[in-house]
Structure formats: C-alpha cells, structure tokens
Amino acid sequence: MHDTPHAPRRIALVNGDPRGDAGPSAALLTDLSDALLAYERQSARELGVASVPPDLMRYGLDQDGGITPVPGGTATRKRSSALERTGFLQEKPATPEPAAGSGPADRPDENPGGSEEGADSLVLAYSLDTERQPLNLFDELKTFAEEGGLVPHGLVYAVCTAGAGSARQAPPRLSHLSDWCASYAATWCGALVVEDGARAAWMAGLPRMGLARRNVSEAMDRLVAAVRAGLTVRQAARIFGATRRQAELAERGIIRGRYPLPAAMLAAGYFRSR
C-alpha cells in the first residue's frame with residue numbers, strides 16, 4: 001500500500017462460521033482478499049511503483065470453536081485472478097519487482113496466520129443469525145487478541161451475512177462485537193452486512209460484476225476502500241463519497257449489500273443456464 005498514513009500492514013481474516021470453507025462467510029472473505037490484492041496491484045501500476053501488498057493471515061474455527069490458522073493459507077493470495085477474469089480490472093504491463101532481498105516485496109506469497117507480530121487490522125466474517133453463531137465466538141476472539149493475534153488499538157471490521165432486509169436493524173446485533181472492541185481497546189470500524197447472505201457461496205461461481213453479484217461486489221469494494229486506507233466505514237463514506245442512503249447507513253457503521261430476489265435471477269435466465 002502506498003502513502004496512506006494508517007494503511008494496515010498485517011490483516012487477520014477470521015472466518016467465524018463453523019461450516020468453514022463450505023459456508024458463505026468463507027466465500028465473502030475470499031472475495032475480500034482477492035479485491036484487496038487486486039486494488040493494491042492496480043494502484044501500484046498506476047503509480048509506477050512496485051506492489052507491496054499487506055500480509056493477509058487467514059484463520060478459521062477448530063472443532064472446539066477456537067480461532068486457529070488455516071492450514072496452508074491457500075486463499076490468502078490468488079493474484080486477483082477472479083476479478084481479472086471477469087474484466088472488472090484490466091491487466092496492464094506489470095511493474096518490475098525489486099531484486100530479491102531488497103525490500104518487503106520479497107515476503108512469501110502465503111501466510112496461513114501466526115505472524116511474528118499481531119495483526120493491525122482484523123476482519124471477522126460471521127452470521128448475524130444467532131442460531132448460526134458459535135456460542136463462544138467472542139470469548140475466543142478475546143483469547144485470540146490477548147495471545148497477540150491483534151495489536152492493542154487495532155482496527156476491527158466485520159463481514160456479516162443476514163436475512164433479507166436486515167441491514168438497517170444490524171447495529172444492535174453488532175453490539176457484541178463493538179462492545180468487545182471497547183473492552184479490548186480496539187477500534188470498531190463498521191461492517192458490511194450482506195442481506196440474504198446465505199447464498200454467497202453459490203453466488204461466488206457467477207461473474208463478480210454480473211447482475212447477481214454486482215450490488216454485493218460494489219458494497220465489498222466500499223469496505224475494501226475503508227480497510228486499505230485504515231478508515232472507519234463512516235470516514236470512508238465521507239472521504240470517498242456515497243449516495244444519500246449509503247451515507248445514512250455509513251453514519252451507523254454499516255455498508256449494505258444485497259443479492260437480487262430469486263425472481264429477478266430467474267427472469268435473467270440464471271437458473272436455466274445452470
């Protein structure tokens with residue numbers, strides 16, 4: 001990341017869904033990590049400098065609900081292939097990287113968690129449906145932070161799946177996480193709430209900027225802008241711009257994303273084509 005005073009260097013991506021890679025939270029975290037790296041590469045090309053991406057450290061839940069590094073961390077760096085395949089980001093000639101041993105660009109491509117230093121930002125993906133939340137999720141988050149997983153005063157974001165029409169009612173349901181931030185002296189920065197988010201894993205196989213995913217993808221990109229700049233959701237909306245409705249939700253720390261109703265997708269031929 002380049003010339004951003006609060007840009008994070010180590011980002012912990014925590015999948016708080018007990019279904020692991022099969023759940024919608026994993027699909028949304030993968031899109032977030034792809035987008036973070038894709039925009040970093042695009043920014044570096046436009047500035048004519050070497051790409052210096054942040055360390056993305058992926059974590060999931062073990063059988064006891066504890067937060068643990070994802071073995072191999074295979075989803076942390078995908079070279080933004082999904083975004084580039086859809087044509088959302090156009091390939092440009094790559095800027096030559098520095099020679100080996102000359103700087104941060106020599107970090108290994110994969111980091112499955114367990115960095116020598118704690119993350120300075122954390123993104124927790126989980127369901128706002130209390131029936132789908134692990135009972136001890138926030139206790140385990142406390143343990144994770146106390147054991148050095150997150151530096152004091154680190155930035156905390158969330159990517160949440162919810163039912164249709166739930167975004168405006170999300171702030172009270174996010175209070176457990178915001179209260180945890182206050183108790184740990186972390187900085188609560190806001191959340192992306194994906195309505196009808198249970199479909200995220202299925203949607204991941206469709207074009208990122210196609211009819212089915214465009215609204216959620218654009219909402220994700222607003223969260224990516226906040227994370228990359230080290231800003232809260234409210235600050236990012238004020239600095240980067242937002243529609244009136246987006247700004248109203250951002251003042252409450254919410255970015256809303258929603259998938260189209262099945263009827264709209266049926267009319268567009270999605271189910272027939274699959």
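Reply: Asp196 is found in the loop between β6 and α6. The model is predicted, so local features need pLDDT of at least 70 and side-chain atom pairs count only at pLDDT 80 or more, while totals for chains, interfaces and linings use all residues. Residues are numbered from 1 along each chain as its sequence is written, and side-chain values use heavy atoms, with hydrogens and water left out.

Start with the backbone at this position. Asp196 has a positive phi of about 60 degrees, although it is not a glycine. Asp196 counts as partly exposed because its relative accessible area is 27%. The classes are: buried under 20% relative accessible area, exposed over 50%, partly exposed in between (1.4 Å probe, protein chains only).

Now the side chain. Asp196 meets Arg199 in a salt bridge, at 2.9 Å from N to O. The rule for a salt bridge asks for a side-chain nitrogen of Lys or Arg within 4 Å of a carboxyl oxygen of Asp or Glu.

Ala185 sits in the loop between α5 (175–184) and β6 (187–195). At 34% relative accessibility, Ala185 is also partly exposed.

Next, the other salt bridges. The count comes to twelve. One of them joins Asp31 and Arg213, with the closest N and O atoms 3.3 Å apart. This pair links distant parts of the chain, 182 residues apart. Asp31 belongs to helix α1 (residues 24–47). Arg213 lies in the loop between α6 (200–203) and α7 (214–229). Both partners are buried: Asp31 because its relative accessibility is 10%, Arg213 because its relative accessible area is 11%.

A local bridge pairs Arg214 with Glu218; their closest N and O atoms are 3.0 Å apart. Both residues lie in helix α7, four residues apart, which is about one turn of the helix. Arg214 is partly exposed at 42%. Glu218 is partly exposed too, at 32% relative accessibility. Elsewhere, salt bridges that share partners join Asp31, Arg208, Arg213 and Asp221 into one network.

Arg168, Arg245, Arg252 and Arg258 gather in a surface patch of positive charge. A patch takes residues with over 30% relative accessible area and no salt bridge; like charges are joined within 9 Å, and nonpolar side chains (Val, Leu, Ile, Met, Phe, Trp, Tyr) within 5 Å. Lys and Arg count as positive, Asp and Glu as negative; His and the chain ends are not counted. The place of a charge is NZ of Lys, CZ of Arg, CG of Asp or CD of Glu. Arg252 is partly exposed, with a relative accessible area of 42%.

Gly241 lies in the loop between α8 (233–240) and α9. At 42% relative accessibility, Gly241 is partly exposed. The C-alpha atoms of Gly241 and Arg222 are separated by 9.7 Å, and the two residues are 19 apart along the chain. Gly60, by contrast, is buried at 13% relative accessible area. Its place is in strand β2 (residues 55–61). Gly60 and Arg19 are 9.5 Å apart, C-alpha to C-alpha, and 41 residues apart in sequence. Leaving out residues up to four places away in sequence, Gly60 touches Asn15, Gly66, Ile67, Thr68 and Val70. Contact means heavy atoms within 4.5 Å.

Last, the chain as a whole. The protein chain has eleven helices and seven strands. Of its 274 residues, 51% count as buried. Among contacts between residues at least 6 apart in sequence, 79% join residues at least 24 apart. The accessible surface comes to about 12,900 Å², and carbon and sulfur atoms hold 52% of that surface. Accessible areas come from the Shrake-Rupley method with a 1.4 Å probe; for residues, only the protein chains shown count as cover.

Note on methods. Helix = DSSP H or I, 4+ residues; strand = E, 2+ residues; numbered from the N terminus.
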